[in-house]
Amino acid sequence: MIKKIIGIAVYTLCAIACENSDDTSTTTNNIRKNETTLQKSAELWQTVKEENGNSYTYQVTFTSWTGAGHITTLQITEGIVTSRKYQESNTNETDGTTEITDIYTETAENIGRDTRGAKPVSIDQLYTSCAQEYLQVDPKENTIYLETAANGLLSLCGFVPNNCEDDCFSGIRINSLTWTN
């Protein structure tokens with residue numbers, strides 16, 4: 001009987017150790033994959049930015065499960081944020097149409113005045129935030145997301161805490177990018 005209990009205990013410990021080893025290995029591989037993907041994307045961004053000039057417009061979106069959401073459009077001229085436009089909306093529960101509930105525009109003189117919407121930063125700064133903030137969270141406590149668009153540029157970087165149910169994503173979601181030069 002004791003041999004059987006010891007056998008079961010050894011088997012259980014081995015199973016737990018092997019499972020934890022696999023989890024650690026998978027987590028380490030995912031971290032390395034994310035770092036490599038982000039590095040390649042950041043290098044591509046530098047090349048594309050130089051080829052097209054450092055002037056562009058990009059859009060960041062947020063949509064809640066409730067139908068509320070917002071779009072922030074940022075204009076970057078020679079690497080500097082020169083305008084930020086914000087549009088907040090809600091989905092009409094009766095007919096499903098989108099209703100604009102608030103709008104603001106900031107120009108170079110008042111960038112950052114309003115706290116709603118995406119931060120007034122360049123895409124270079126988004127790559128830095130992705131690497132230094134969003135990809136650095138504990139992967140055991142969060143689901144980490146990193147995606148690039150078909151062109152290889154950053155489109156999504158962030159995380160969702162485990163067991164969070166609604167609107168828990170923290171990070172960057174680039175919806176579109178257009179060159180203005």
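Q: How much space lies in the largest pocket?
A: The model is a predicted one, and its largest pocket is lined by 21 residues, of which Val 60, Ala 118, Gly 171, Ile 172 and Arg 173 are the closest to its centre. The space in this largest pocket comes to about 520 Å³.

Q: Which element gives the most residues to the lining of the largest pocket?
A: At least two residues of the lining are supplied by each of strand 1 (56–63), helix 2 (123–132) and strand 7 (170–179). With five residues, the element that gives the most is strand 1.

Q: Which parts of the chain does the disulfide of Cys 130 and Cys 157 link?
A: The sulfur atoms of Cys 130 and Cys 157 lie 2.0 Å apart, which is within the 2.5 Å that a disulfide requires, and both of these cysteines are buried. The two residues are 27 residues apart and belong to distant parts of the chain, namely helix 2 for Cys 130 and strand 6 for Cys 157.

Q: What is the handedness of the disulfide between Cys 164 and Cys 168?
A: Cys 164 and Cys 168 are joined by a disulfide with an S to S distance of 1.4 Å. The torsion about their S-S bond is about -60°, and therefore the disulfide is left-handed.

Q: Is Cys 168 buried or exposed?
A: The cut-off for a buried residue is a relative accessible area under 20%, and Cys 164, at 34%, therefore counts as partly exposed. Cys 168 has a relative accessible area of 14%, so Cys 168 is buried.

Note on methods
Residues are numbered from 1 along each chain as its sequence is written. This is a predicted model: local features need pLDDT of at least 70, side-chain atom pairs count only at pLDDT 80 or more; totals for chains, interfaces and linings use all residues. Side-chain values use heavy atoms; hydrogens and water are left out. On a 1 Å grid over the protein atoms alone, a cavity is a set of points where a 1.4 Å probe fits but cannot get out, and a pocket is an open set with protein on both sides within 12 Å along at least five of seven lines; lining residues have an atom within 4 Å of a point. Grid points are joined across faces, edges and corners, and a volume is the space filled by probe spheres set on the points. Helices (H or I, at least four residues) and strands (E, at least two) are DSSP runs, numbered from the N terminus. Buried means under 20% relative accessible area, exposed over 50%, partly exposed in between (1.4 Å probe, protein chains only).
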